[in-house]
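Take a short walk through this structure, one stop at a time. Keep the sequence beside you as you read.

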Amino acid sequence: MGQAREVMDRLTTAMDEKDKETLARCYAANAVADTPDEGELTGRDAITNYLFHFWESMPDVRYEHGDSYEAGNVAVDEGFVIGTNTGPLSLPTGETIPATGKQVRVRSCDIARVEGGEITSHHFYFDQVEFLGQLGLMRELTSH
């Protein structure tokens, strides 16, 4: 196992254990993340805050591993994000939606580039339509 895989596994464990300090230390201070809902995030704090919002809206959120890959300094994880929406959900528009109480299981893929033992670039991929649909929010959002 190389450094990229070790850091990505540490990040996943920190997410599962809700360990904010370890999670933050996985990212370089100037890391950049690309997300399907928020777009580009720059800096350790912005990225970790983005992930913390998932904990707030789905305190039981967890990652179900599918496949894991490593090529040089890049680690890739495919799997499912699973959780129950019991807290308010913040949308990129700034709007906050009350908890739906519904469980989601959304396919996800993460690609992280690691340099010097820290993630410098992280691409998050998940289907927003699937996510919002499982929460029962698609019709509500399109009727605005």
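Thr120 is buried, because its relative accessible area is 18% and the cut-off for buried is under 20%. The model behind this value is a predicted one. Thr120 belongs to strand E8, which covers residues 118-126. What does Thr120 touch, once its neighbours within four places in sequence are left aside? Its contacts are Ala28, Ala31, Val32, Arg113 and Glu115.

Glu21 and Arg113 are 92 residues apart in sequence. In space, their C-alpha atoms are 20 Å apart. Glu21 sits in helix H2, residues 20-25. Is Glu21 buried or exposed? Glu21 counts as exposed, because its relative accessibility is 59% and exposed means over 50%.

Now go to strand E1, which spans residues 27-35. Thr35 is part of this strand. Thr35 counts as buried, because its relative accessibility is 5%. Its side chain reaches the backbone nitrogen of Glu38, at 2.9 Å. Beyond its neighbours within four places in sequence, Thr35 is in contact with Leu41, Tyr50 and Phe124.

In strand E2, Leu41 stands opposite Ala33. E2 covers residues 39-42. How many bridges join E1 to E2? There are four, and the two strands run antiparallel. Together E1 and E2 form a hairpin, with three residues between them. In a regular strand, side chains alternate between the two faces of the sheet.

Rolling a probe the size of a water molecule over the atoms shows where empty space is left. The volume of the largest pocket is about 330 Å³. Its lining holds 19 residues. Which of them lie nearest the centre? They are Asp37, Glu38, Leu89, Ser90 and Leu91.

Several elements build this lining. Helix H3 (44-57), strand E5 (89-90) and helix H4 (128-134) each supply at least two residues. H3 gives the most, with seven residues. By type, the lining of the largest pocket divides into eleven nonpolar, five polar and three charged residues.

Conventions: Residues are numbered from 1 along each chain as its sequence is written. This is a predicted model: local features need pLDDT of at least 70, side-chain atom pairs count only at pLDDT 80 or more; totals for chains, interfaces and linings use all residues. Side-chain values use heavy atoms; hydrogens and water are left out. Buried means under 20% relative accessible area, exposed over 50%, partly exposed in between (1.4 Å probe, protein chains only). A polar contact is a pair of N or O atoms within 3.5 Å; within protein, one must be able to donate a hydrogen and the other to accept it, and residues adjacent in sequence count only if both atoms are side-chain atoms. Contact means heavy atoms within 4.5 Å. Two strands pair if DSSP finds at least two bridges between them. On a 1 Å grid over the protein atoms alone, a cavity is a set of points where a 1.4 Å probe fits but cannot get out, and a pocket is an open set with protein on both sides within 12 Å along at least five of seven lines; lining residues have an atom within 4 Å of a point. Grid points are joined across faces, edges and corners, and a volume is the space filled by probe spheres set on the points. Ala, Val, Leu, Ile, Met, Phe, Trp, Tyr, Cys and Pro count as nonpolar, Asp, Glu, Lys and Arg as charged, and the others, Gly among them, as polar.
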